[in-house]
Amino acid sequence: QVQLVESGGGLVQPGGSLRLSCKASGSIFSIYAMAWYRQAPGKQRELVAGITPGGSTNYADSVKGRFTISREYAKMTAYLQMNTLKPEDTAVYYCNGGYGTSWPGGSWGQGTQVTVSS
């Protein structure tokens, strides 16, 4: 399985922006579906956004129009651009990847904390 390492989390004020990165190891990134999940305290882990090897995307209703998932094949990196952040976006964000065109895949990152607070 590919190894995934997230970065880019932190503390941001409501209305602010953050960009998360997920660096993949190995040579199969191009055929991996990638996704971002999040888990808030006391809640189940939920899909935030996903992107297929071909570039098709899917978003949770709660983040549509605010978050954008993308991938850069040469750098074997997936990104989650988060704009207009709200306190309810506070969670640990996990990168996920796997073969095929659906989520979740078999590989998970270690998670990165995003806190939206004034």
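Of the 118 residues in the chain, 44% are buried. The model under discussion is a predicted one, and every value given here is computed from it.

The secondary structure comprises 11 strands and zero helices. Followed along the sequence, the elements give the pattern β-β-β-β-β-β-β-β-β-β-β. The radius of gyration is 13 Å, close to the 13 Å given by the globule rule for 118 residues, so the chain is as compact as a globular protein of that length. Along the principal axes, the C-alpha atoms fill a box of roughly 40 × 25 × 25 Å.

The contacts describe how the chain is folded upon itself. Among contacts in the chain with a separation of 6 or more, 56% are made by residues 24 or more positions apart.

In general terms, a disulfide is a covalent bond between the sulfur atoms of two cysteines. With sulfur atoms within 2.5 Å as the criterion, the count comes to one disulfide. The partners are Cys22 and Cys95, whose sulfur atoms lie 2.0 Å apart. Cys22 belongs to strand 3 (residues 18–24) and Cys95 to strand 9 (residues 91–99), so the pair ties together parts that are 73 residues apart in sequence. The link of Cys22 and Cys95 is left-handed, with -80 degrees about the S-S bond.

Arg66 is located in the loop between strand 6 (57–59) and strand 7 (67–72). With a relative accessible area of 10%, Arg66 is buried. Which residues does Arg66 touch, not counting those up to four places away in sequence? The partners of Arg66 are Gln81, Met82, Asn83, Thr84, Leu85, Lys86 and Asp89.

The chain exposes about 5,800 Å², of which carbon and sulfur atoms supply 49%.

Key:
Residues numbered from 1 in each chain as written. Predicted model: local features only at pLDDT ≥ 70, side-chain atom pairs only at ≥ 80, totals over all residues. Heavy atoms only, no water. Helix = DSSP H or I, 4+ residues; strand = E, 2+ residues; numbered from the N terminus. Rg over C-alpha atoms; globule rule 2.2 N^0.38 Å. Buried < 20%, exposed > 50% of the residue type's maximum accessible area, 1.4 Å probe, protein only. Contact = heavy atoms within 4.5 Å. Areas by Shrake-Rupley, 256 points an atom, 1.4 Å probe, with all protein chains shown as cover.
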